[in-house]
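Subject: Structure for you to look through

Hello,

Please find the structure just below, followed by my notes on what was found in it. Could you read the notes with the structure open beside them?

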Amino acid sequence: MSTVAERAARPQPRTAGRLRRLRRTPAGRFLRRLPFYVLIAAIFFYALFPFYWALRSAFTPDVDLFKTPVQYFPAHPTLTQFREVLSSHFFLRALLNSTIVAGSVTLMALVLGSLAGFALGRFRFRGRSATLYLMLSMTIFPQIAILGALYTTITRAHLYDTLWALIFSYMIFTLPLTVWVLTSFMRALPKDLEEAAYIDGATPMQVFYRVLLPLVAPGLVTTGLLAFIAAWNEFLYALSFEQTPSHYTVNLAIVNFVGKTGSAFQVPWGQIMAATIVVTVPLIVLTLLLQRRILAGLTAGAVKG
Amino acid sequence: MSTTEATSVARPRFRRRRLPRLQRRQRRLAWILLAPSLLVVALVAFYPLGRTVYQSFTNQQFLALEPTKWIGLANYFGAAGLIHDSIFRDAIVTTVKFTVITVFFEFVLGLIIALVVNSNFKGRGVMRAVMLVPWAIPTVVSAQMWNWMYNDIYGVINDALLRLHLIDHGVAWTAQPSTALASVAAVDIWKTTPFVALLLLAGLQVIPSDLYEAASVDGASKWQQFWRITFPLLRPAILVALIFRTLDALRVFDVFYVLLGQRLGTQSMAIYNQSTIVQTGDVGYGAAISVAIFLIISVFVVIYVTFLRVEEQ
């Protein structure tokens, strides 16, 4: 933004001055910013069109869905697809399984992560940064790299084709996240509170759950949500460790969708799209409600380096 | 405290390292608090990692009749080893191509979006929220959404292109070898560009605005400001975003599985690895593939980390 003084100081050819005057009118300003608005509209369209398309397909009856030319707006909107999906035992079971897995994983990762975060964020001891880097290194190495060993270990422990297999293996990517983020939250708290509590005779564990834990509640919400989303979205291990359809997670269900009305020749796309909407909407609502916190959690590592 | 001769002789050597009692107690507590996490990490990550390396030197088969044998480096360099495996070679080529394409487009598009969102306009908050949405949904779900849009007969992409007369008959985007990789890349770019944009946006927002004011006082154009201020100061954020994305792209699995299945010729490294272990039950050979993937990814990590270190100096 240029100030009056510097505008006066700069030499201005006459045409440029006239242009500038034009720009100052509302219409001129709009015209000048038009490309910018076009760009924004394009970004919105690009980001949202696939969702719109899933929505329109979920509300279109099969008769219209499998017909050319394609209808860009459902001519006969219907709830049949949703009704089919929500009455499908297969899909509801998958929703329940995913909730159980993602919920337990999140809870475990938060409990272990906050204890570790307390140790790493509030105590000084040798091996502290080594432990932090150990955790960080876990996020770097690929999950696929340990698939075979996990597969044989899980089979030997008789956990193959159970939800436990997923709950354990998902700790690989959720635990480092909770440890890392909660450590930085714990470290950011002022020392005085803790010291006051110690002077009053509190034990370290009392300090932990009476003083520190309430203060890092926002951090718990953020990391909990990130862990939940990561567990909810995982596919590779679910595909490798689950076999029976009644143990499928939603992702497996959406890939191997068994529709009620679909046949061997026709993939039930309408129902699949309805299922994707059912899975996506809660995630979108959560994300939008907590967007500020998610952003803070996601970018914490990026800015601090 | 004991006062025997032996300890009092030994004590002077240790005195310097001895910590105050409170600190010692704290240290012990810290390790107790860390113990459950470390146990889990050891059990689910480091034990399997070590075991994978061990398995890669054996001929272990899932549900095999004969006992597992140590076969040394045969999985890597034997007659039927990795170096002669053309499927694996194809998988490496496919994955590297995919990585280069997606990381490039995600970075360019992500930077444009970040710059747009960083400038002031109405609806900026909405836009930032919208950007989070593709990131939040499962990759499998977004891949299925695109799979339907790619449908050769009833897909919207074919329909739109036909209406615009850009093609004269429906294209089977995911089935056709010439478009398969591009169609997978497009889904990944759609899904992850917002994430890259958010990382870059976080970097943009810590650049102090007086730098731009000073530059425009000195008569620098917007273009000059971008190359002289924004770009150099954004470098750490750019590198972090590139590292994240490259590592993710190299281990890509979900989009390939949903859109292309396990079709030969268009497998990513992870797809080939998973099918070797789970479908074929070839645990030993699969472990060797895992180790190879791990090494390939490590090479990229080392390159990036050296870059970062050079940056810091």
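**Chain B as a whole**

Read from one end of the sequence to the other, chain B follows the pattern α-α-α-α-α-α-α-α-α-α-α-α-α, and its secondary structure comes to 13 helices and 0 strands; here helices (H or I, at least four residues) and strands (E, at least two) are DSSP runs, numbered from the N terminus. Please keep in mind that this is a predicted model, in which local features need pLDDT of at least 70 and side-chain atom pairs count only at pLDDT 80 or more, while totals for chains, interfaces and linings use all residues. Residues are numbered from 1 along each chain as its sequence is written, and chains are lettered from A and ligands numbered from 1 in the order in which they are written.

The C-alpha atoms of chain B fill a box of roughly 95 × 75 × 30 Å, taken along the principal axes. The radius of gyration of chain B is 27 Å, whereas a compact globule of 313 residues would have one near 20 Å; the radius is taken over C-alpha atoms, and the globule rule is 2.2 Å times the number of residues to the power 0.38.

Of the 313 residues in chain B, 38% are buried, where a residue is buried if 20 or more other C-beta atoms lie within 10 Å of its own, exposed if 12 or fewer, and partly exposed in between, with C-beta atoms placed from the backbone. Two residues are in contact if their C-beta atoms, placed from the backbone, lie within 7 Å, and among the contacts in chain B between residues at least 6 apart in sequence, 69% join residues at least 24 apart.

For chain A, the secondary structure comes to 17 helices and 0 strands, and 40% of its 305 residues count as buried. Among contacts in chain A between residues at least 6 apart in sequence, 76% join residues at least 24 apart.

The contact between the two chains takes 73 residues from chain A and 71 residues from chain B. On the side of chain A that touches chain B, the residues divide into 55 nonpolar, 17 polar and 1 charged; Ala, Val, Leu, Ile, Met, Phe, Trp, Tyr, Cys and Pro count as nonpolar, Asp, Glu, Lys and Arg as charged, and the others, Gly among them, as polar.

In chain B, the axes of helix 4 (residues 86-118) of chain B and helix 8 (residues 177-205) of chain B come within 6 Å and cross at roughly 40°, the axes being lines fitted to C-alpha atoms, for helices over the stretch in contact, and the angles running from 0 to 180 degrees between N-to-C directions. Helix 4 of chain B and helix 8 of chain B are therefore oblique to each other, since angles under 35 degrees count as roughly parallel, over 145 as roughly antiparallel, 65 to 115 as roughly perpendicular and the rest as oblique. The crossing of helix 4 of chain B and helix 8 of chain B is right-handed; a crossing is left-handed if the near helix is turned anticlockwise from the far one by less than a right angle, and right-handed if clockwise. The residues where helix 4 of chain B meets helix 8 of chain B comprise 18 nonpolar, 7 polar and 3 charged.

In chain A, helix 6 (residues 89-122) of chain A and helix 10 (residues 171-188) of chain A have axes that come within 7 Å and cross at roughly 40°, which makes helix 6 of chain A oblique to helix 10 of chain A. Helix 6 of chain A passes helix 10 of chain A in a right-handed crossing, and their contact has 14 nonpolar, 7 polar and 2 charged residues.

**Some single residues**

Most residues other than glycine have a negative phi. His158(A), however, has a positive phi near 55°; His158(A) is found in the loop between helix 8 (147-156) and helix 9 (163-169) of chain A, and counts as exposed because it has 10 C-beta neighbours inside 10 Å. His165(B) also has a positive phi, of about 60°, although it is not a glycine; His165(B) lies in the loop between helix 7 (156-163) and helix 8 of chain B, and is exposed, with 7 other C-beta atoms within 10 Å.

Phe256(B), in helix 11 (residues 254-260) of chain B, is buried, with 28 other C-beta atoms within 10 Å. Leaving aside its neighbours within four places in sequence, Phe256(B) is in contact with Val184(B), Ser268(B) and Ile271(B).

Best wishes
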